[in-house]
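Subject: Handover of a structural model

Dear colleague,

Please find the structure below, together with its sequence. My notes on what was found in it follow directly after.

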Amino acid sequence: MFGRIVHRFEESVLCLLLVSMTLLVFSETMLRFFFNTGLLWAEEATLYLGAWMVLFGASYGVRVNAHIGVDAFVKLLPSGPRRAVAALTVVMCLVYCGLFLYGGWIYLAKMYKIGIELSDIPVPRWVAQSILFIGFILLAIRFLQLLWGIITVKSNGFEFVDEAKESMHLADETADSSSPAQGNRS
């Protein structure tokens, strides 16, 4: 139940960010080309909306296995060593997140202390850039969940998208759906 609520919340935030960014760019384009004016703050807002979408979306991508990776060698390993390699990989990802969290915390603390605002929007820079910390906390939580799944043998590790398999599946579906239409034409 709680997992579904969090999942819906993540999807809603990502959709809101994408729609906001799209509408802002569309509006700015229309204003510039048809009315010879524009919004001074639109470029900066679009930049930060994009950053929030990417960093917020990284953890969501781990949750839904949307990231791509090279796992040809790992798939050849038996289940035990495959899980060990996956656990080591997740630990390295957690170290990466830890480094970003540490550096992000120091950076945001300095921005807070200095009190600088964004160039075109009256918002403190540390607020707009807080996704550096928020995004990597969310990513670390997803990696911890994955590590727990590996430890409790509920997961073999990262389950990357197999684009070749998906492409072949789509090609087969397309071929199957076009076959009866071709037979009716003769």
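This is a predicted model: local features need pLDDT of at least 70, side-chain atom pairs count only at pLDDT 80 or more; totals for chains, interfaces and linings use all residues.

**Overall architecture**

The protein chain contains seven helices and zero strands. Its pattern along the sequence is accordingly written α-α-α-α-α-α-α. Of the 186 residues in the protein chain, 27% are buried. When contacts between residues at least 6 apart in sequence are considered, 71% of them join residues at least 24 apart.

**The pairing of α2 and α6**

Two packed helices are described by the angle between their axes and the distance between the axes. For α2 and α6, the axes come within 8 Å and cross at roughly 5 degrees. The two helices α2 and α6 are therefore roughly parallel to each other, as angles under 35 degrees are classed in that way. On the α2 side the contact is made by Ala 51, Trp 52, Leu 55, Phe 56, Ala 58, Ser 59, Val 62 and Arg 63. The α6 side contributes residues including Ile 131, Leu 132, Gly 135, Phe 136, Leu 139, Arg 142 and Phe 143. By residue class, the contact of α2 with α6 comprises 13 nonpolar, two polar and two charged residues.

Two residues of α2 illustrate this pairing. Trp 52, which is placed in helix α2, touches Leu 17, Gly 57, Val 127, Ala 128, Ser 130, Ile 131 and Ile 134 when residues up to four places away in sequence are not counted. The C-alpha atoms of Trp 52 and Leu 132 are 8.4 Å apart in space, although 80 residues separate the two in sequence. Leu 55 also lies in helix α2. With residues up to four places away in sequence again left out, Leu 55 touches Ile 131, Leu 132, Gly 135 and Phe 136. From Leu 55 to Leu 138 the C-alpha distance is 9.0 Å, across 83 residues of sequence.

**Nonpolar cores**

The largest nonpolar core has 14 residues, and those with the most contacts inside it are Val 90, Cys 97, Phe 136, Leu 139, Phe 143 and Ile 150. Two or more residues of this core come from each of α2 (42-63), α4 (79-114) and α6 (131-151). The greatest share is given by α6, with seven residues. Apart from this core lies another, of seven residues, among them Ala 42, Ala 45, Tyr 48 and Ala 128. To return to Val 90, its contacts are Phe 143, Leu 146, Leu 147, Ile 150 and Phe 158, not counting residues up to four places away in sequence.

Glu 10 lies in helix α1 (residues 2-35). Its relative accessible area is 5%, so Glu 10 is buried. Leaving aside neighbours within four places in sequence, Glu 10 is in contact with Phe 56, Ser 59, Tyr 60, Arg 63 and Arg 142. Thr 29 is likewise found in helix α1, and at 30% relative accessibility Thr 29 counts as partly exposed. The C-alpha atoms of Thr 29 and Leu 39 are separated by 9.8 Å, with the two residues ten apart along the chain.

**Cysteines**

How many disulfides does the model contain? The count comes to zero. For Cys 93, the closest cysteine sulfur is that of Cys 97, at 7.0 Å, which is too far for a bond, because a disulfide requires the sulfur atoms to be within 2.5 Å. Cys 93 counts as partly exposed at 22% relative accessibility. Cys 15 is also partly exposed, with a relative accessible area of 48%.

**Positive phi angles**

Two loop residues deserve mention. Asn 36 has a positive phi of about 55 degrees although it is not a glycine. Asn 36 is placed in the loop between α1 and α2 and is exposed, with a relative accessible area of 73%. Val 153, another residue other than glycine, has a positive phi near 60 degrees. The loop between α6 and α7 (163-185) holds Val 153, which counts as exposed at 54% relative accessibility.

With kind regards

Definitions and conventions
Residues are numbered from 1 along each chain as its sequence is written. Side-chain values use heavy atoms; hydrogens and water are left out. A nonpolar core is a set of buried Ala, Val, Leu, Ile, Met, Phe, Trp, Tyr and Cys residues joined through side-chain atoms within 4.5 Å. Buried means under 20% relative accessible area, exposed over 50%, partly exposed in between (1.4 Å probe, protein chains only). Helices (H or I, at least four residues) and strands (E, at least two) are DSSP runs, numbered from the N terminus. Contact means heavy atoms within 4.5 Å. Axes are lines fitted to C-alpha atoms, for helices over the stretch in contact, and angles run from 0 to 180 degrees between N-to-C directions. Angles under 35 degrees count as roughly parallel, over 145 as roughly antiparallel, 65 to 115 as roughly perpendicular and the rest as oblique. Ala, Val, Leu, Ile, Met, Phe, Trp, Tyr, Cys and Pro count as nonpolar, Asp, Glu, Lys and Arg as charged, and the others, Gly among them, as polar.
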